[in-house]
Amino acid sequence: MAVIFPKSSDIILKVAGAVAGIGAVIAVAAFTYYTYPTVIDTGYQPVQPVPYSHKLHAGQLGLDCYYCHSTVYKAAFAAVPATSTCMNCHTQVKKDSPRLEPVRQSYATGKPVPWVQIHRLPDYVYFNHSAHLSAGVSCVSCHGRIDQMIEVHQEKPLNMAMCLECHRDPAPNVRPANLVTKLDWVPDRDPREIGAEIVAQKHLDPPTNCSGCHR
Amino acid sequence: MSLITIQTPNVTGKKYWRSLNQLADTKEFRDWVHHEFPANATEMLDGNSRRTVLKLMAASFGLAGLAACNRPVEHILPNSAGTEADNYLPGEPFHFATVMSIGGHVTGLLVETHDGRPTKIEGNPDHPHSLGAATAIQQALVLGMYDPDRSAKVLQGGKESTWPALESAVQKLSLGDGSGLRFLSGFVSSPTLDSQRTAILKKFPKAKWVEYEALSRDNELAGANMAFGQPLYVHPKWDKAKVVVSLDHDFLNLDAPTPFFTLAFSKRRRVGSEEDLDKMNRLYAVESQFSLTGANADHRLRMKGSDVQQFATDLAAALGAMPGLNVVNNGGAADKRAKFLAAVVKDLKAAGPEALVVAGPRQPASVNALVALINEKLGSACVTYTKPVIDKSNSGIDALKTLAGEMSAGQVSTLVILSGNPVYSAPADLQFPVALSKVATSIHLGAEEDETSAAATWHIPEAHLLESWGDEASSEGAASIQQPMIEPMYGGKTPIEIVNWVTTGKFTKSHDIVKSYWLAQFTGDKEQAWRKALHDGVVAASKTVDPIKVTVDTKKLATALGAASKAASTGIEVGFYPSSATWDGRYANNGWLQEAPDPISKLVWGNAAMISPKLARDQKLTDGDIISLTRGNVKMEAAVMVQPGHADDAVSISLGYGREKCGRVGKDVGSNANLIRTTDGFYFAQGFTLAATGKREILATTQERGTGDQQHDRPLAREVAIDEYKKNPKSIEEMSEVPEIHSIYSEFTYDKGNQWGMAIDLTSCTGCNACVVACVAENNTPVVGKDQVLRGREMHWIRMDRYYSGDENDPEVIEQPIPCMQCENAPCENVCPVQATSHSPEGLNDMAYNRCVGTRYCANNCPFKVRHFNFLNFHKHEPELVGLVYNPDVSVRMRGVMEKCTYCVQRIEETKIKAKRDGRREIKDGEIKTACQQTCPAEAIVFGNINDPNSRVAKLKKQERNYAMLAELGIKPRTTYLAKLRNPNPELTA
Amino acid sequence: MSAVLQDPQLMEVNPPLVRTEDYHDLTEQISVIVEGDVVKTPLKYWITLAITASVTGILGLMLAYLVSTGIGVWGNNRPIGWAWDITNFVFWIGIGHAGTLISAILFLFRQKWRTSINRSAEAMTLFAVMCAGIFPLFHTGRPWRAYWLFPIPNTDLNLWQNFRSPLIWDVFAVSTYFTVSLLFWFTGLVPDLATLRDRTTNKLKQWIFGALSLGWRGSARHWSNYEKAYLILAAISTPLVLSVHSIVSFDFATSVIPGWHTTIFPPYFVAGAIFSGFACVMTLLLIARWTLNLQNLITIKHLENMNKIILVTGSVVGYAYATEFFIAWYSGNLYERFTFLNRAFGPYWWAAWSMYSCNIFIPQLYWFKKMRNNLWVMFVISITTNIGMWFERFVIIATSLTRDFLPTSWGYFHPTYVDMLTFAGTIGLFLTLFLVFARFLPMIAISEVKGVLAVQKHQFTDKEVVAHDLR
């Protein structure tokens, strides 16, 4: 009877099987990796209408975050400053720099500057800045060293895993409330210890149930 | 819009605060008129929705995270004026006080706004007639503001015109001495408008100003006039009364477009502690239709509306109130009546100064007069009278009749109709449309393009309550200023502006008119007083009208009564009632109200001719059979609904339906009772012939008729007579046996921190829909439309269950609000495969919409069926405009996910965060109020921390009559009920 | 000469299992169907296939409409969250039971008569489970999220499934069942595929069959390994027959809803499943027997045995019904009592009574041998049984939901055309798959029947068999 498959086909079959198996594993791994927020969301750095440098303002000039993002202590939203805030200084400083044209435009027309949002949470997530600041969570924990970024990019994944990690064990991210906007703060001892003390003293127990963030 | 829904399924209101300033140039805004409204949810099954399949597939990938590869650019548009401007915080709610009046009942309101858009209306705690409570209708007003069908254009002869055209027309008006000038307005309770009126009538001596309300307080004034010789407002002091006899007065629902009556009445109904048991009042109701007042009455006597006069006379006679009156005992069926009468008389006498008899606005002057007489005879301290501050001499049907006469006689050259719809609501026999056609220039100010705007020569869009400056003063004097939260969206104008414009020819903003009026009233620092008045919502300076001492002139009254022709009650009687949803039709285009079930019949999206079971049997009619009602040359058709406890040989039908020219929501919903409403039978009329037409209409109710109306001997909504309860306080608890349940696992102990719980007092709950609408407004629950309700898909997170018991001719009714019970052992939780619903350490049954895959297992396993599934995308066809009403603190749920009550967790979390900001952990009792609790005029719903023994809720739960429904399932509900206590008269129960 | 032959009566009592000349004829008879060159496939086959295929197409349309528009296109509502969707799921899963039962359990019990029918029974199982699988997926409000039901590690959300939920157990139970059944079926196919490979001359077919038969040469070693593997798989899948439907029944048993919340469900459901499964096998076999002339291989004896099983399981189901009523009464539980009275005399009495008559009363006919041997009777009963079993699931799932604890939330279920077409579509899919199988794969296990034939040959001479036929 005619031979359809030569002896070698056994090996071919085995190899094919192996390749398929490994391939599948790789595919799954790749999918998981490339859809993981750390990979797809971090590093997002859109072009802003005005090349505003946080490094200059927050870093070198040492403006407190609160000077511009003035609602963080009172409200859920960290408001982007009004044009008027920029003009507090820029009526004198660099008052005719071409790069500031959009700002002057806005100031004149009253039309807001269309800043591009970088740190974005889904609409069903109810993050509240004031709650976190009053607990002593620093800007750094979620936004990174903004004071070292010329143009801001997203540093942390800001995914649910990240939130939960801290909500389950807040100590490492908690610091004295007066230092939350001090991005370059270097603790004199293990920050976890400091955090743990504050957690104990403030009775912090961040929610880990659904309605803590989803409503 | 649909794209937004695709990209981020759970679109929250948050999205809109940014888009508000972009709204003006969105396509949605320009052609919102052509948009589907959620009420047409049934349309979601149409062809074009099928085409979205691919989009959705795309969406599904998007949701899987791939969309993030090409992340959509989102802009942040900061308020360029500076966020510091009057300490405005983006995203944080602000509250403004304002005021509204329906048919002369004034209520102060508090409006919550987010980033400049009103999102919720609540009662103003500082207003004497609200005290924080608001009715269903009042709360639904906010949706009305975003109604895409609101009038936005000037119309001339029903066709689109322009403001300049109108302006020139106004300039051309030659008013002369005003002989041809007439104003037709609703019930005027605005001091500013009144002052304008006085000025006008001085300037144009021959001009006339007529007030007409389809549902008014005219009989109240006329009655006083008959009794005391002068028109007076009657102010029952419900909270002082121990025995209340209501003669066809549904003061707990339809006849009170204000929370105030329930508020006061329930003070003597609530049982907070043991001693309250003896303070509890007793309510007798005499009525035709089965009303909420009848449902809450301890004893109810049903009779035709026209027989009430005889009953009142007999009551007065039995009390020896007036010589020459004697009890007519029309025997036979009257046996029950006689017994009832005797008991009432005895009880009233015993109560003396604590006795109160009230007559409904539906009852003629004579009955109101008799009631005044009776109260005087009883020496009741529960009623006061005040003179109308604002003149009412030219108000009511007769005034309208004369006006119509003048109009058809061509004596009226200029008619200004201020925010009313007389073409629809005027009595049929006045032929108002014909009369109107005889008027040279008729200017109609109206909120929507309605029957009148089509017939008038000019139509002017009216600004919504929340867009307009104005003021209202209650009949007791409490004056408040109406302030807008937002610029008129469609450039609407207010009555004040129009009156001023038409009569002076130049346009002044109502803000200036109102302010100048009030500054004139104030003394001292006027500006300061003005700001304070705006802030408080009540004008501190406003002098409360002092009640006056009056005595009945019996002789005059006797003659008057003799003259008052008592219509012989023959044939079928038809009674006309306000609608719990549309009032007199003005709220017909409001989806929230159309879908709020009628408290008794549970009917939604329409009205019906209510008839008694006996009449139904005699005429061989069942629910949905369309009948015709004919009397002389008036005729209408309506579907019947069999109403247990309804008076025989009588038909009750609510006004405000069958609107022909109306927005998409209210158009042709139900049938128009104004067609058979005539001046001689304004509230009820005799001698109708009832005939079946053979046609049928499907009526949508939220409870299965018949079987769903009974409790089937299940201990669900429990009640007990107060005496029995005193004898055996355990009787409630004993109605069901709750076994000890021992889990093999060590159970979570809910004993730390806040443990949220709720107690609902069935004794004070009247069953009004305030909580239902409050919940809709707070939690963005969608309107699904009649067809979907028929399919059993309504979405109310808190619903009002209504059970009948006893004889179908004289049933007892118990109402039971059903929110989520937040079971500690929630059956819904352990069946969810993806943990979309799980328990919070504070005892809440959390629901994460964005985690739900929609297996519906939780809903199946919920014994209370309080979980609601988004069978379709109920928000899909919504104009962006309607989206603006959403509460940004609550996700708007996409289709395919389950949703439910969470004790307004957004409020809980907000308050906790505020507390943390203030550096405290513990929440004060009453600091958090759920939406339903906050608005409840009867304070029947109490929410709080059951872990704190001193909290109100914990105290209530300690009462013996506290029980958990279906506790025998071992589910440990957090929401418990306080059994209904009835206070029957032993003489009638024996 | 065996004793049997002396006594014609005895032959009556114990007729031969299969009736064929010899091994070669057998091979021929089965193979020609698959090869379809000697015997042309009749046109009516293609017509039937076309019809069922287009019905399957409708299924596709309905599902697209469902996904694009929402569950609202079905009649489901509040309180009836599950209606035809889950009813159909349980119905198909139930049908899927006979296959494994026949293959595995009867194999372990050395029931020779299974050989002619096990192949098609197993195939049917696979197809039924496929149809069943459609519903749990598409009944979710957001099917594109259904993958959340699988325990895929997700470091993004740090969230796991809720392993307390019976729906998760379902995921495991059903997928396991499908996998094992597939392996079992394929293992059995290998020798026959080899046969086909050897018979065909067409290069492509040779290649395909060759690949599928995994180089089977029929050597003694092959056979002994094959037998071992088959035995092991049988042993593995036997518990599955019991587990799958037990777990499916937990979906209801673990809830609090009266009519669902009962401990009797696992055995009750398993019995019901086997009941309906056998009925369905019966329907298909009878059709195959007529259309493909397999009378000699699928004999009255096979059918009668199956009827006996139908009678037993049917009676078990009847007993379960009775027990439910007894417990409802005995429990003294207000809600339980109401539910069962409502089931029999409420608005859904018609559903309940059609289920009682189809599942309890009609099968009782099988007490009589005449009925057990009458092809028409068994055809009709096999159909009614499946109707009855569909109603059983509907009654348990949907009607229990219509009236539970709070009368105010009672309702009624009205199916939409989408409900109906979706169900019809799955039937179309099922038949399509089966037709394809019957035409392109040997629907009777040649090798196994040969085994039976071998035994039989020691009982009768060919002449005697023929003689028997002549009677």
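In this predicted model, chain C and chain B bury about 5300 Å² between them. Carbon and sulfur atoms account for 56% of that area. On the chain C side, the residues that lose the most area to chain B are C:Arg78, C:Arg142 and C:Thr408, which together make up 16% of what that side buries. The contact draws on 63 residues from chain C and 71 residues from chain B.

Polar links also cross this interface. Between chain C and chain B, 35 residue pairs are in polar contact, with both residues at pLDDT 80 or more. The rule for salt bridges finds 4 of them across the interface. One salt bridge joins B:Lys865 to C:Asp404, and here the closest N and O atoms lie 2.8 Å apart.

Which helices of chain C give two or more residues to the side that touches chain B? They are helix H3 (43-69), helix H7 (166-199), helix H9 (220-253) and helix H12 (334-345). H3(C) supplies the largest share, 6 residues. Sorted by class, the side of chain C that touches chain B holds 34 nonpolar, 21 polar and 8 charged residues.

In general, strands of a sheet pair through backbone hydrogen bonds, in either a parallel or an antiparallel way. Strand S5 (residues 155-156) and strand S17 (residues 458-461) of chain B show the antiparallel sense, pairing over 2 bridges. Within chain B, B:Gln156 stands opposite B:Trp458, a residue of S17(B).

Are the residues of helix H27 (residues 770-779) of chain B mostly covered or mostly uncovered? This helix is mostly covered, with 10 of its 10 residues buried. The buried residues of H27(B) include B:Ala770, B:Cys771, B:Val772 and B:Val773, and B:Glu778 and B:Asn779 are also among them. As a general point, an α-helix has 3.6 residues a turn, so residues three or four places apart point the same way. Just after H27(B), B:Asn780 takes a positive phi of about 55°.

Note on methods:
Residues numbered from 1 in each chain as written. Chains lettered and ligands numbered in written order. Predicted model: local features only at pLDDT ≥ 70, side-chain atom pairs only at ≥ 80, totals over all residues. Heavy atoms only, no water. Buried < 20%, exposed > 50% of the residue type's maximum accessible area, 1.4 Å probe, protein only. Helix = DSSP H or I, 4+ residues; strand = E, 2+ residues; numbered from the N terminus. Contact = heavy atoms within 4.5 Å. Buried area = accessible area lost by both parts, 1.4 Å probe. Salt bridge = Lys/Arg side-chain N within 4 Å of Asp/Glu carboxyl O. Polar contact = N/O pair within 3.5 Å; in protein donor to acceptor, adjacent residues only side chain to side chain. Nonpolar A, V, L, I, M, F, W, Y, C, P; charged D, E, K, R; others polar. Pairing = 2+ DSSP bridges.
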